[in-house]
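Here is a short note to read with the model open beside you. Take the points in order, and find each residue as it comes up.

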Amino acid sequence: MSQNNLSLTHPVPGLSIPKLPTEAEPLITAEALRFIVQLVRQFRPSLQHLLDARKERQRLIDAGALPDFDPATAAIRDAEWQVAPIPSDLLKRRIEITGPVDRKMVINALNADVDCFMADFEDSQSPTWEGLMQGQVNLYDANCGNIAYIDPNSQKHYQLEPNPALLIARVRGLHLPEKHVLIDDQPIPGCLLDFGLYFYLNYQQRLQRGTGVYYYIPKVEHSSEAAWWADVFSFTEEYFMQPRGTIRATLLIETLPAVFQMHEILYAMREHIVALNCGRWDYIFSYIKTLKNHADRILPDRQSVTMSQPFLNAYSRLLVQTCHRRGALAMGGMAAFIPSKDPVQNASILAKVKADKELERANGHDGTWIAHPALAPTVRDVFVDGLAGDNQLHVLRANDAPVTAAELLKPCPGERTEAGMRTNIRVALQYIAAWLSGKGCVPIYGLMEDAATAEISRTSIWQWIKHQQYLDNGKLVTNELFREYLDEEAAVVRHEVGDHRWEVENFDRALSLLEQITTADELIEFLTLPGYDLLP
């Protein structure tokens with residue numbers, strides 16, 4: 001990309017960037033981009049060291065070690081300390097809805113009967129240049145209070161209603177590059193672009209309304225990565241001459257290594273952090289990915305890996321105990337169900353959602369996630385009407401027996417079925433096709449699927465192939481069996497979606513990518529990395 005592609009009056013030295021969407025040109029100014037350049041030059045080198053350290057820790061686990069609590073940081077776990085006091089508008093987060101930064105979805109989510117909306121630049125967003133930049137415009141308009149949208153097909157008008165949900169932005173993970181933007185001839189970390197632009201565009205109007213700039217931080221594996229984020233926050237506050245704590249973050253515990261580092265993560269971010277969240281779907285994916293060489297830790301069908309499984313329930317309880325001891329909120333996980341038009345089926349769905357949320361409430365969580373506004377009334381019965389106050393910070397679980405590494409790593413019983421494998425194939429294929437077509441959050445078979453659930457679907461099969469597992473029909477899972485089922489299930493999906501959608505929505509490219517990443521000798525760490533190479 002050449003400097004001539006800058007849609008700016010004054011080019012920024014060292015920066016190459018494609019033309020901005022028309023709506024973004026007035027907002028993403030030379031001043032904004034100079035800040036991004038400063039962020040990247042300051043923090044890109046140390047980020048690469050953190051990613052290298054991840055690989056070294058994984059190498060040890062692949063060689064036979066198991067994740068555990070770090071003896072070197074026992075003093076942090078044993079000492080009495082707390083994070084900075086939580087801002088008042090973040091103390092009531094009983095129901096949060098999540099979704100991509102698509103304009104109509106942003107409006108609908110902010111208008112939902114929830115406390116907070118997590119606008120997602122990561123797992124729910126396909127990182128096309130147009131989509132990312134339009135997302136920044138959408139969140140700017142939402143923070144200004146004047147976001148509106150007219151559907152070009154139905155001509156229906158969408159606009160922000162009074163008292164919208166509190167807006168929190170989730171940035172991309174540390175591992176994801178932004179190939180469209182080069183600084184000093186190198187692609188930049190996607191997380192710094194998402195973070196930096198959102199802060200620059202929105203901090204003034206948020207501060208004028210008496211609130212702060214709030215983020216969700218994903219995919220952290222170690223407290224050193226949390227410390228990196230704390231440094232990014234502090235640098236930004238100093239750059240814009242804002243008080244410490246203007247930026248507040250909720251960090252997702254959605255990797256297996258991070259669950260052993262929760263005290264250390266909270267300590268490293270104690271001036272900025274307000275909560276940890278049980279990112280359950282990514283956590284299951286991380287369990288597979290982290291323990292991929294351990295033949296005694298193979299997961300069964302995805303549908304049977306629920307929060308009632310001992311290793312997941314231990315994770316939930318430990319997160320609550322850790323957070324509340326340190327004065328931080330403990331957020332629950334996602335209910336990914338989509339309501340059904342069939343009354344009997346819908347009653348069953350809502351009963352499952354309610355039971356799941358009752359388990360989270362009993363464990364002591366302060367709030368929870370939903371993927372669809374229609375689930376809000378059911379969850380409200382549990383996490384609003386069912387709570388005495390705005391949160392459960394008083395639930396300390398101090399008398400619980402300590403949660404051990406063995407509990408967190410406990411093998412998960414359950415069948416590996418032909419039906420489960422075929423469902424995994426259809427879900428992964430449809431999600432990857434949608435992602436390659438610019439959609440990162442997709443309803444499939446009654447669930448709102450994002451990158452995390454697609455990752456579970458394809459890594460489960462990879463793990464079964466690697467460790468020569470048998471299905472309930474007696475067949476050994478091999479590359480050949482996978483390819484046989486893939487061909488058959490691709491035909492099913494093509495029949496379901498129709499020839500026209502199959503041709504225009506990248507299904508052939510998705511089919512090729514799914515075959516490649518599922519039969520690779522070494523596990524492809526994230527499907528979004530090779531997938532990103534296929535995006536324009």
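1. Start with a loop. Met-241 sits in the loop between α6 and β10 (247–253). Helices here are DSSP runs of H or I with at least four residues, strands are runs of E with at least two, and both are numbered from the N terminus. Phi of Met-241 is near 55 degrees, a positive value in a residue other than glycine. Most residues other than glycine have a negative phi. Met-241 counts as exposed because its relative accessibility is 75%. The cut-offs are under 20% relative accessible area for buried, over 50% for exposed and partly exposed in between, with a 1.4 Å probe and protein chains only.

2. A word on the source. This is a predicted model, in which local features need pLDDT of at least 70 and side-chain atom pairs count only at pLDDT 80 or more, while totals for chains, interfaces and linings use all residues. Residues are numbered from 1 along each chain as its sequence is written, and side-chain values use heavy atoms, with hydrogens and water left out.

3. Now look at Lys-219. Its phi is near 60 degrees, again a positive value in a residue other than glycine. Lys-219 lies in the loop between β9 (213–217) and α6 (223–239). Is Lys-219 buried or exposed? At 4% relative accessibility, Lys-219 counts as buried.

4. Step back to the whole. The protein has 19 helices and 15 strands. Its radius of gyration is 22 Å, close to the 24 Å that the globule rule gives for 536 residues, so the protein is as compact as a globular protein of that length. The radius is taken over C-alpha atoms, and the rule is 2.2 Å times the number of residues to the power 0.38. The C-alpha trace spans about 65 × 60 × 50 Å along its principal axes. Buried residues make up 60% of the 536.

5. Contacts come next. Contact means heavy atoms within 4.5 Å. Of the contacts with a separation of 6 or more, 77% are between residues 24 or more positions apart.

6. Cys-441 is in the loop between α14 (418–436) and β14 (442–444). Cys-441 is buried, with a relative accessible area of 15%. Cys-441 and Gly-99 are 342 residues apart in sequence, yet 7.1 Å apart in space, C-alpha to C-alpha. Leaving aside neighbours within four places in sequence, the contacts of Cys-441 include Pro-100 and Ser-124.

7. Check the aromatic rings. Rings of Phe, Tyr and Trp (its six-membered ring) pair if their centres lie within 6.5 Å; planes under 30 degrees apart are stacked, over 60 edge-to-face and the rest tilted. The count is 26 aromatic pairs. Phe-199 and Tyr-203 have ring centres 4.9 Å apart and planes at 5 degrees, so this pair is stacked. Both lie in helix α5 (residues 190–208), four residues apart, about one turn of the helix. Both Phe-199 and Tyr-203 are buried. For Tyr-287 and Phe-311, the centres are 4.6 Å apart and the planes at 45 degrees, so that pair is tilted. Tyr-287 is in helix α9 (residues 280–290) and Phe-311 in helix α10 (residues 310–325), so the pair ties together parts that are 24 residues apart in sequence.

8. Finish with helix α12 (residues 376–383). Six of its eight residues are buried, so α12 is largely enclosed by the rest of the structure. Among them are Arg-380 and Phe-383. Their cover includes β2 (95–100), α11 (343–363) and β13 (367–370).
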